[in-house]
Amino acid sequence: MSLNSFTVKKFLLTAGLLIVLGQGLWQLPELQDYLFPVEHVELILRRASKECPIIEGGLIMLNARIDYLTWFQAHNGPDQKVSADRLLAFPFSEAIRPLAPRYFWHINIYLAHKNRAKVERKLRHLDALFKNINGDFRVGSAHDSPAIPAKTAAVSSSMKQIKQFQDQCIHYNAKLIELTKQLAWLEDNGYKK
């Protein structure tokens, strides 16, 4: 009787490990490209269309914060008045600026770095998604199926959109590098007072 239970346990363990292996293989990007090329490309398109506006907003905010720090460095003095425009854009920073200028400087440098890191992380994520695309999408093994031209046409049009997103990300990356250099310069030249 114990031989049967040992055999059953061995069988269940083997079956469980095979299920786990199958689930892991199922999620490989190469297998997804081979089995479901249209769905995989559409997933990448949805992710890119969701992430690009967030990246653009992050770059706009980083640019605004760098401009704010540049303005503060150029107009450093006790006669600075609180501006309504800057108060709307940076309420906390503008409120503490006249009271604690050194703290204001350091907190804004920290927030700019935090924003830069967020944009950089999102760009790396999109870059990894785009590197999964090799342009060689195969559609199943049934080559005589009438659905194949429709699928390859859908992949082809999606690839054009992905190319546009890639070009957009190259532009975002160049802008991020430029803003990072400006931020490093501001951080090195620091608050003078």
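Reply: The count of aromatic pairs comes to one, where rings of Phe, Tyr and Trp (its six-membered ring) pair if their centres lie within 6.5 Å, and planes under 30 degrees apart count as stacked, over 60 as edge-to-face and the rest as tilted. The pair is formed by Tyr-68 and Phe-104, and it is edge-to-face, with 5.3 Å from centre to centre and 80 degrees between the planes. Tyr-68 belongs to helix 3 and Phe-104 to helix 6, so the pair ties together parts that are 36 residues apart in sequence. Both Tyr-68 and Phe-104 are buried; buried means under 20% relative accessible area, exposed over 50%, and partly exposed in between (1.4 Å probe, protein chains only).

The model is predicted: local features need pLDDT of at least 70, side-chain atom pairs count only at pLDDT 80 or more, and totals for chains, interfaces and linings use all residues. Residues are numbered from 1 along each chain as its sequence is written, and side-chain values use heavy atoms, with hydrogens and water left out.

The protein chain has seven helices and zero strands, helices (H or I, at least four residues) and strands (E, at least two) being DSSP runs numbered from the N terminus. Of the 193 residues in the protein chain, 30% are buried. Contact means heavy atoms within 4.5 Å, and among contacts between residues at least 6 apart in sequence, 78% join residues at least 24 apart.

Leaving aside residues up to four places away in sequence, Phe-130 touches Ile-44, Ala-48, Ile-162, Phe-165, Gln-166 and Cys-169.

The structure holds six salt bridges, a salt bridge being a side-chain nitrogen of Lys or Arg within 4 Å of a carboxyl oxygen of Asp or Glu. One of them links Glu-120 and Arg-124 at 3.3 Å, N to O. Both residues lie in helix 6 (residues 101-131), four residues apart, about one turn of the helix. Glu-120 is partly exposed, with a relative accessible area of 30%, whereas Arg-124 is exposed at 52%. Another salt bridge joins Lys-131 and Asp-127, whose closest N and O atoms are 3.6 Å apart. These two residues also lie in helix 6, four residues apart. Lys-131 is exposed, with a relative accessible area of 63%, while Asp-127 is partly exposed at 37%.

In helix 7 (residues 147-189), Glu-178 and Lys-175 are three residues apart, about one turn of the helix. Their side chains meet in a salt bridge of 4.0 Å, N to O. Glu-178 is partly exposed at 40% relative accessibility, and Lys-175 is partly exposed at 27%. Finally, salt bridges that share partners join Arg-116, Glu-120 and Arg-124 into one network.
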